[in-house]
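Trainee: I am new to this structure. Could we go through it by question and answer?

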Amino acid sequence: QVQLVESGGGSVQPGWSLRLSCAASGGTFTNMRMGWFRQAPGKEREFVAAISTSGERTSTTDSVKGRFTISRDNAKNTVYLQMNSLKPEDTAVYYCNVVRDLWPGTPADYWGKGTLITVSS
């Protein structure tokens with residue numbers, strides 16, 4: 001069973017940056033496409049970004065394109081989400097997961113507890 005632990009969340013002001021990390025265990029990380037998702041208060045969980053097993057290919061949803069970058073370190077079994085120019089509408093709980101494809105980023109059923117990002121002045 002794959003286990004995922006997200007970290008790096010916090011409260012920031014608009015325009016600031018954060019980097020989220022997701023440590024994976026219980027599976028062969030180099031065989032896993034990985035993705036980030038988020039769920040804002042009162043809304044459904046949505047896809048944010050995904051990355052191929054090698055890290056050479058990525059996909060990003062339009063609302064964060066140019067601001068968020070997904071990356072991975074296969075030696076550390078970790079996937080990252082670098083978030084720049086944060087906006088209040090980025091406020092959400094962020095989750096990582098294994099994905100079955102890079103677009104639309106169909107998630108598997110390995111949800112972790114997530115990490116909360118609050119963007120407010």
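Trainee: How many aromatic pairs does a search of the whole structure find?

Mentor: The model is a predicted one. Rings count as a pair if their centres lie within 6.5 Å. Searched on that basis, the whole structure gives a number of aromatic pairs, and that number is four.

Trainee: What kind of aromatic pair do phenylalanine 37 and phenylalanine 47 form?

Mentor: Their ring centres are 5.7 Å apart, and the angle between the planes is 70°. Planes over 60 degrees apart fall in one class. The pair is therefore edge-to-face.

Trainee: Which strands does this pair link?

Mentor: Phenylalanine 37 and phenylalanine 47 are ten residues apart, and their pair links distant parts of the chain. Phenylalanine 37 belongs to residues 33-39 and phenylalanine 47 to residues 46-51. Those are strand S4 and strand S5.

Trainee: Is phenylalanine 37 buried or exposed?

Mentor: Its relative accessibility is 4%.

Trainee: How many residues apart in sequence are the parts tied together by phenylalanine 37 and tryptophan 111?

Mentor: These two residues form an edge-to-face aromatic pair, 5.2 Å centre to centre with 80° between the planes. Phenylalanine 37 lies in strand S4, while tryptophan 111 is in the loop between S9 and strand S10 (115-119). The pair therefore ties together parts whose separation in sequence is 74 residues.

Trainee: Which residues do ring pairs link into a cluster?

Mentor: Phenylalanine 37 pairs with phenylalanine 47, and phenylalanine 37 also pairs with tryptophan 111. The cluster linked by ring pairs consists of Phe37, Phe47, Tyr95, Trp103 and Trp111.

Trainee: The charged end of which residue sits over the ring of tyrosine 95?

Mentor: Tyrosine 95 is one of the residues in the ring cluster. A charged end sits 4.7 Å from the centre of its ring, and it belongs to arginine 45.

Trainee: Which residues does proline 88 touch, not counting residues up to four places away in sequence?

Mentor: Proline 88 is in the loop between strand S8 (78-83) and strand S9 (92-99). Its relative accessibility is 45%, so proline 88 counts as partly exposed. With residues up to four places away in sequence left out, proline 88 touches Pro14 and Val119.

Key: Residues numbered from 1 in each chain as written. Predicted model: local features only at pLDDT ≥ 70, side-chain atom pairs only at ≥ 80, totals over all residues. Heavy atoms only, no water. Helix = DSSP H or I, 4+ residues; strand = E, 2+ residues; numbered from the N terminus. Buried < 20%, exposed > 50% of the residue type's maximum accessible area, 1.4 Å probe, protein only. Contact = heavy atoms within 4.5 Å. Phe/Tyr/Trp six-rings, centres within 6.5 Å; stacked < 30°, edge-to-face > 60°. Lys NZ or Arg CZ within 6 Å of the ring centre and 35° of its normal.
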